[in-house]
Amino acid sequence: MTVEGEVLTKHEDKEQNIFNFYNTLLGECANREVTVNLEELHLPRFDLVDLDNPFSEEEVWKTVGSLPPNKAPGPDGFTGKFYKVCWPTIKTDIMAAISAVWSRKLGNFEVLNSAFITLLPKKDDATNIRDYRPISLVHSFAKLVTKLLANRLAGRLDQMVTPNQIAFIKGWFILDNFMLVQHTTRFLHQQKQPRILLKLDIIKAFDSVSWPFLLEVMQNLDFGPIWCDIISGLLASSSTQILLNGSPGERIAHRRGLR
């Protein structure tokens with residue numbers, strides 16, 4: 001591993017370099033000197049009251065059934081198969097924990113909301129920290145809670161997301177975006193007046209999104225207080241340790257991004 005031309009060979013030096021990089025990325029939040037007046041954008045509002053309903057055992061079991069059975073586990077070492085096989089034994093405790101999340105009793109939730117990041121090289125001669133792709137291995141219970149939220153919201157996304165933002169919506173295809181860009185480019189070339197086609201690079205958007213701004217957007221779209229509180233609790237209690245040669249480094253408490 002190299003840093004500004006210097007080759008790092010000691011485990012401690014590599015670990016410190018990795019920690020500094022990801023602590024700057026995830027563990028520090030920028031001061032917001034300005035914000036967006038969302039009211040002036042006249043964004044549509046939605047009836048999302050049902051998202052705040054308590055989670056039923058049937059809903060939780062359906063979500064457990066959708067978990068991949070053998071996906072790489074997080075810090076607790078449990079896979080989806082564990083939840084499926086042991087459900088009759090663990091469901092009482094799981095439902096009690098999920099009920100506590102819905103009741104916003106998240107005082108010690110950081111214990112269940114930790115993650116490991118393993119670094120996979122993007123190329124054969126990877127030497128710089130940016131040459132490695134971070135894969136986040138999240139605690140299984142936190143993953144279950146976020147999957148519950150995602151499944152509950154999924155049925156509303158096709159109404160809330162505009163047609164020109166079609167990625168990750170069931171039945172919509174991201175390739176349509178490329179076709180739209182091609183047609184737009186041809187249209188602009190046919191115009192006699194000067195035109196500008198602007199391309200924005202949103203690299204690492206998930207790692208740098210501001211939590212206060214995210215909550216402002218959700219509240220403006222009429223997400224309910226329970227939903228917003230759960231999202232706030234999940235974000236504020238999240239932490240990460242970077243794996244180096246199989247050994248987890250110093251814990252990084254998140255201050256921005258969505259992991």
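Buried residues in helix α5 are S140, F141, A142, L144, V145, L148, L149, R152, L153, R156 and M160. Buried means under 20% relative accessible area with a 1.4 Å probe, protein chains only. The model is predicted: local features need pLDDT of at least 70, side-chain atom pairs count only at pLDDT 80 or more, and totals for chains, interfaces and linings use all residues. Residues are numbered from 1 along each chain as its sequence is written, and side-chain values use heavy atoms, without hydrogens and water.

Helix α5 covers residues 140–160. Helices are DSSP runs of H or I with at least four residues, and strands are E runs of at least two, numbered from the N terminus. The 21 residues of α5 reach 29 Å from first C-alpha to last, close to the expected 30 Å. That expectation is 1.5 Å times one less than the number of residues. At A154, α5 bends by about 50°, the angle between axes fitted to the seven residues ending there and the seven starting there.

The elements below are among those covering the buried residues of α5.

| Element | Residues |
|---|---|
| α2 | 57–66 |
| α3 | 80–85 |
| α4 | 87–102 |
| β4 | 132–138 |
| α9 | 225–236 |

M160 belongs to α5. M160 counts as buried because its relative accessibility is 16%. Leaving aside neighbours within four places in sequence, M160 is in contact with F46, L48, L153, L221 and F223. Contact means heavy atoms within 4.5 Å. The C-alpha atoms of M160 and P44 are separated by 8.2 Å, at 116 residues apart along the chain.

Conventions:
Buried means under 20% relative accessible area, exposed over 50%, partly exposed in between (1.4 Å probe, protein chains only).
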